[in-house]
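This report describes selected features of one protein model. Please look at the sequence and the structure first.

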Amino acid sequence: MVQVSSSSSSSASVSSPVSSPVSSAVSSAVASSASASAASVPSVSPVRLLVRAVVSAGACAALTALFAGTAAAGVGAPPPVRDEDRAGDHLTVTVRDAGDGRDGTYELSCHPAHGSHPDARGACAALDRDTRWGRDTFAPVPDGTVCTLQYGGPATARVTGIWAGRPVDALYTRGNGCEIARWKRLVPLLPDLG
């Protein structure tokens, strides 16, 4: 709520019970309008100042809504995955040091699921479940992430190929809690090591 008051010396002030960027912009607009008007016009009507403040506040609100709308719409985010992008989904999974006959190199194609992977259908389902618009399914753990000091064993996996129309080259380890969780998200694409 903006209140405009006028004193006998024709100066204007704005008081606001809540401080916000819009109220600050309105205060600045009113103060500059008042000082500019006072220099060129002997008397400034409080109603005129109020109209200027409301127009300035409206413009600020409209710009804020415009920028908030474009951010919410995901401007700059990659486009959603389309069915025609998925037609070429093909991955090569190489697993090392997993033990119990789980090591090897497997081929996997999805939509429809087939290849030398021991559980092609389950692996494709895990990938589909973890694929989200605007997010890299195979992204590494972000730098600076705080992870538990857990060791999940020496197993490593490398996933290469094309997924959702995008190239993939991802390395998986089990050196801490974050890496273990990242591995588990893609089971059964990667072997279940407990």
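Which residues in helix 4 are buried?

## Helix 4

This is a predicted model, in which local features need pLDDT of at least 70 and side-chain atom pairs count only at pLDDT 80 or more, while totals for chains, interfaces and linings use all residues. Residues are numbered from 1 along each chain as its sequence is written, and side-chain values use heavy atoms, with hydrogens and water left out.

Helix 4 covers residues 120–130, and its buried residues are Ala 120, Gly 122, Ala 123, Cys 124, Ala 126, Leu 127 and Asp 130. Buried means under 20% relative accessible area, exposed means over 50%, and partly exposed lies in between, using a 1.4 Å probe and protein chains only. Helices (H or I, at least four residues) and strands (E, at least two) are DSSP runs, numbered from the N terminus.

The packing partners of these buried residues are strand 3 (90–96), strand 4 (104–109), strand 5 (156–163) and helix 5 (177–185). Contact here means heavy atoms within 4.5 Å.

Two disulfides are found in a search of the whole structure. A disulfide is a pair of cysteine sulfur atoms within 2.5 Å. One of the two joins Cys 110 to Cys 124, with an S to S distance of 1.9 Å. This pair links distant parts of the chain, 14 residues apart: Cys 110 is in the loop between strand 4 and helix 4, and Cys 124 is in helix 4.

The link of Cys 110 and Cys 124 is left-handed, with -90° about the S-S bond. Both Cys 110 and Cys 124 are buried.

Cys 147 lies in the loop between helix 4 and strand 5, and Cys 178 lies in helix 5, so the pair ties together parts that are 31 residues apart in sequence. The torsion about the S-S bond of Cys 147 and Cys 178 is about -105°, so this disulfide is left-handed.

Cys 147 counts as partly exposed because its relative accessibility is 22%. Cys 178 is buried, at a relative accessible area of 17%. With bonded cysteines counted along the chain, the disulfides follow the pattern 1-2, 3-4.

## Val 95 in strand 3

Val 95 has its place in strand 3. Its relative accessibility is 1%, so Val 95 counts as buried.

Leaving out residues up to four places away in sequence, Val 95 touches Arg 102, Asp 103, Gly 104, Tyr 106, Thr 156, Ala 157 and Pro 191. Val 95 and Ala 155 are 60 residues apart in sequence, and 7.3 Å apart in space from C-alpha to C-alpha.
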